[in-house]
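Please read it with the model open.

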Amino acid sequence: MNEMKKATVQFATAIKETKQYQKYFEQKEKLKAYPELKEQIDEFRWRNYQLQTTCDQDELYFKLEEFELENEEFRANPFVSDFLAAELGFCRMMQQIYSDLAEKIEFE
């Protein structure tokens, strides 16, 4: 195994040991018992992504607000809110890692 492969494995292991990853993994495992709910969450996430990537900047705020209101009851479900919060925490950590890495290697 070359040096970069080893470093990648070590880095992935370090990520898996973080509180954010552990929480995300735990919530993901809990959802396996509810495949229909997992499908609904995936649909929610897809619709949210679509809104954020296809809406005009001028209408994005209003569309997202409308979307949040439409899904308020769905998001009140503890399984849903816990999973989405854990996923968001993990994603924010990964975004920071990507940003730090790009800075360290001077990638623009």
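## The largest pocket

The largest pocket holds about 520 Å³ of space. A pocket here is an open set of points on a 1 Å grid over the protein atoms alone, where a 1.4 Å probe fits, with protein on both sides within 12 Å along at least five of seven lines. Lining residues have an atom within 4 Å of a point. Grid points are joined across faces, edges and corners, and the volume is the space filled by probe spheres set on the points.

Of the 16 lining residues, Arg-45, Asn-48, Gln-52, Glu-87 and Leu-88 are the closest to the centre of the pocket. Helix H3 (35–54), H4 and helix H6 (78–104) each give two or more residues to this lining. H6 supplies the largest share, 8 residues. The lining divides into 7 nonpolar, 4 polar and 5 charged residues.

This is a predicted model: local features need pLDDT of at least 70, side-chain atom pairs need pLDDT 80 or more, and totals for chains, interfaces and linings use all residues. Residues are numbered from 1 along each chain as its sequence is written, and side-chain values use heavy atoms, without hydrogens or water.

## The nonpolar core

The largest nonpolar core has 20 residues, and Ile-41 and Phe-90 have the most contacts inside it. Such a core is a set of buried Ala, Val, Leu, Ile, Met, Phe, Trp, Tyr and Cys residues joined through side-chain atoms within 4.5 Å. Helix H2 (19–31), H3, H4 and H6 each give two or more residues to this core. H6 gives the most, with 8 residues.

Contact means heavy atoms within 4.5 Å.

| Residue | Residues in contact |
|---|---|
| Ile-41 | Leu-31, Phe-74, Val-80, Phe-83 and Leu-84 |
| Leu-64 | Asn-48, Leu-51 and Gln-52 |
| Asn-71 | Phe-44 and Arg-47 |

Leu-64 lies in helix H4. Leu-64 counts as partly exposed because its relative accessibility is 21%; buried means under 20%, exposed over 50%, and partly exposed in between (1.4 Å probe, protein chains only). The C-alpha atoms of Leu-64 and Gln-52 are 7.9 Å apart, with the two residues 12 apart along the chain.

Asn-71 sits in the loop between helix H4 (57–70) and helix H5 (72–76). Asn-71 is buried, at 9% relative accessible area. A polar atom of the Asn-71 side chain lies 2.8 Å from the backbone oxygen of Phe-67.

Notes
Helices (H or I, at least four residues) and strands (E, at least two) are DSSP runs, numbered from the N terminus. A polar contact is a pair of N or O atoms within 3.5 Å; within protein, one must be able to donate a hydrogen and the other to accept it, and residues adjacent in sequence count only if both atoms are side-chain atoms. Ala, Val, Leu, Ile, Met, Phe, Trp, Tyr, Cys and Pro count as nonpolar, Asp, Glu, Lys and Arg as charged, and the others, Gly among them, as polar. Lists of a residue's contacts leave out its neighbours within four places in sequence.
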